[in-house]
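Try each task before you read its solution.

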Amino acid sequence: MRKWFWSFLFIAFGFVCSIAAERNPRTERISGSAGDVLEDDPVGRLKVYVYELPSKYNKKILQKDPRCLSHMFAAEIYMHRFLLSSPVRTLNPEEADWFYTPIYATCDLTPTGLPLPFKSPRMVRSAIQLISSSWPYWNRTEGADHFFVVPHDFGACFHYQEEKAIERGILPILQRATLVQTFGQRNHVCLNEGSITIPPYAPPQKMQARQIPLDTPRSIFVYFRGLFYDVNNDPEGGYYARGARAAVWENFKNNPLFDISTEHPTTYYEDMQRAIFCLCPLGWAPWSPRLVEAVVFGCIPVIIADDIVLPFADAIPWEEIGVFVAEEDVPKLDTILTSIPPEVILRKQRLLANPSMKRAMLFPQPALPGDAFHQILNGLARKLPHQKRIYLKPGEKILNWTAGPVGDLKPW
Amino acid sequence: MKLSALQQSYLGRRSNSFRSSGPLDSSSDGAFKSPAAVFWLVLHGLSCLISLLLGFRFSRLVFLLLSTSSTYTSPFHSPTELAKTLDIRSVIPADPVGNVPLPFPNKTATNSRVVVGRHGIRIRPWPHPNPVEVMKAHRIIERVQTEQRLQFGVKDPRKIIVVTPTYVRTFQSLHLTGVMHSLMLVPYDLVWIVVEAGGVSNETASLIAKSGLRTIHVGFSQRMPNSWDERHKLETKMRLRGLRIVREKILDGIVIFADDSNMHSMELFDEIQNVKWFGAVSVGILANSANIDEMVVEKRGEEENPRMPVQGPACNVSNMLAGWHTFNTLPFAGKSAVYIDDRATVLPRKLEWSGFVLNSRLLWKDGDKPEWMKDIDTLDGDIESPLDLVKDPSVVEPLGSCGRRVLLWWLRVEARADSKFPPRWIIDPPLEITVPSKLTPWPDTPPELPSHEKPVIGIQEPIVKHTTKTRTSRSKRRSKRKHDETRTDRRTTGFDKTLQN
């Protein structure tokens, strides 16, 4: 009897060991600084209460301009829709850990489709005035357990020009809240400690539709399509991308290994799947949808943006997946890329081939487990439990409601 | 601080062109109101005018001179930061100062290395590819592709056994080099069985030795006859000889028949790895037609565009073998080539051998093989098509998405039977008459002109233009092989005079 028991235990142990050690040779597990958290399930770990704002803050804006659903700032809209039907949503605000304000601040578009951030501070301010007067939860913590999705160029600084954005700084009333934004740069005014960086929205169906057979050999060494000089806004060069994109062009336009140009081909997605490295240099802001496209298509991203903070940086070990090149090293880019040992390149490709990596960068509708929505919730769950000191004593005020430029104080 | 107003107006201008939102940006409105700003605008306009006259950006120089005085007091730019961002920019030669970031108040919360503002565009002194790095990159690409093939390509690839009948003739080098290079590119193990009519020759041996592949070169005692019919029959016998070698050496793999004048695509070799026993692929027939105009005129009445005929398996709706596409010889009745050097169309057989592949185990004496395969030792007579090797033609597997993909092309092109070519295509001893094909463009050293020289070919316009105008008529003359000697002499002596001028 004893022998049977021990042999059974031994076999079970061996089974468990083999399953743990079994690894698909094509992919590798991804674990970042927060551990192996890409596939965590946030359901049950946090509760989110969604404020009921009048539709002038969300639905009416979307009705006025439905282009907001497909541009790269569409994450704020899809996050709202996801939360409305998600199991983490609670209708009882007393038991909620986090509070979400559905406000589409990036939906005021020009005729060419670029969002104007000039009214956003006033919109956000008016929304917060509404929730602080209608519910007691804002005043309880002055927003420290609230989160906002601000996917604009420089996040909650609400400006597209970096100098102006830095001057404005983060909107004072959002200083205590958690900001979910696409912008991320270390030691920058517009990135608060504790913000969650997310990838920009890229349409998942379009990318899935353009997949080519996996055995098509990757024959392009470095691929990039985009502007090098922004002649409309920066004719002499040097401002746009801090001169990095222009440096890439001037140094490598004659290099046959670099397939770079400003043309926009119809086979853009297919070409990325045939390339080994895809350049992701900064533009006017350090982030770009190219990172998402490179990850989905298995092309190793070459990130040229000093001090950038990449999406879900604590869950995804970007150092192991992408190649980081300092802006001053751009003239040596070919030396850097060709001196990477092939085993390292193959490992990066295996990490990129991991389907959980690709899913974490996308915002699919309907939501899938492990996608960007869940990574945001995981990030919020990792910040729990809230520290006691965020709860203010009654009557205590920390935020200065009248700070900021005069234009922001006008009602919306 | 005075600079900031100017900067604001500049940035305001920029924002106006970027987005159509001028009046909304309240900060740009203030710049127009203060007299200091007006003064700076006037100064800016003045420096623009001066720059137009001078030809370079005068205002940059002024700002540099102004800013160097204030740089070292500015808390936001250390001299090392400035030095880091000052770099060579070779694009605008008129800019005498290089690119210095104009200091203006940008508030970074903590000490960030990253500075907002104008940066230099870093260009290295020799922005061209380094050949060593290019080779490294190609090796990386190869490694990645090998890995891709391992992961997504064929699992457990089998060796490929290629059987090629050939014989020594003028076009042999042309055809065999093509096949050889195709086989050298195949990523799988390969054995090349070359059967040569007329016995083993050094010509063929030296040609296939350059491939670096494993080759088995055998001779066939008969010489290749001169008529296409006979040639096809002999080739069949030679292929059977090749198959016998496979049996003798017990080679394991997939047997494919690569005729030396065919063209193979690389996907063919990937596709045939899917064969189980006996497979067929679609072959495109490039029937070389000398009377192509007649054919086109005839066919215009029948179909819109004459399509390339394809030989191969035909499938029904459920992707099962239903029949065969063969070549329609009726339009060519009576007009086809009979002898090898005829200029008429060379017709393929009903079903070409090159469209069939078989598992080499079918040829082994013993071992498990399906009973529908005939023993090749028992057949020696007339085999019309490879389907005669099997008892039941329905067992053939259609490859290449059921014959829809054409993976190789059949062509027969041969030179005249009496055409001569230098053995191994080496010209030895050298030819008797050597003609300089082109004169050097500089007139310093007049070339030696032998007395019986033919007129020179080449670019003569530049020389003629530089010297005298009377020689211009010569440049219009195109070189032809047949010229009068007298005319030549007169012109060459004239040309001498030109050069001496």
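**Exercise 1: a disulfide in chain B**

Find the handedness of the disulfide of B:Cys315 and B:Cys402.

Solution. The torsion about their S-S bond is about -95°, so this disulfide is left-handed. The model is predicted: local features need pLDDT of at least 70, side-chain atom pairs count only at pLDDT 80 or more, and totals for chains, interfaces and linings use all residues. Residues are numbered from 1 along each chain as its sequence is written, chains are lettered from A and ligands numbered from 1 in the order in which they are written, and side-chain values use heavy atoms, leaving out hydrogens and water.

Next, check the distance. The sulfur atoms of B:Cys315 and B:Cys402 are 1.7 Å apart. A disulfide is a pair of cysteine sulfur atoms within 2.5 Å.

Now place both ends. B:Cys315 sits in strand β8 (residues 310-315) of chain B, and B:Cys402 in helix α12 (residues 400-403) of chain B, 87 residues apart. Helices (H or I, at least four residues) and strands (E, at least two) are DSSP runs, numbered from the N terminus.

Last, look at accessibility. B:Cys315 is partly exposed, at 24% relative accessible area. B:Cys402 is buried, at 11%. Buried means under 20% relative accessible area, exposed over 50%, and partly exposed in between (1.4 Å probe, protein chains only).

**Exercise 2: cysteines in chain A**

Solution. Start with the link. A:Cys278 lies in strand β8 (residues 275-281) of chain A and A:Cys299 in the loop between α10 (290-296) and β9 (300-304) of chain A, so the pair ties together parts 21 residues apart in sequence.

Then turn to A:Cys280. A:Cys280 is buried, at 7% relative accessible area.

**Exercise 3: a sheet in chain B**

Which strands stand at the edges of the sheet of seven strands?

Solution. First write the order. This open sheet runs β3-β2-β1-β4-β10-β6-β11 (chain B), with mixed pairing. Two strands pair if DSSP finds at least two bridges between them. Then read the ends. β3 (214-220) and β11 (397-398) of chain B each have a single partner strand, so one side of each is left without a neighbour in the sheet.
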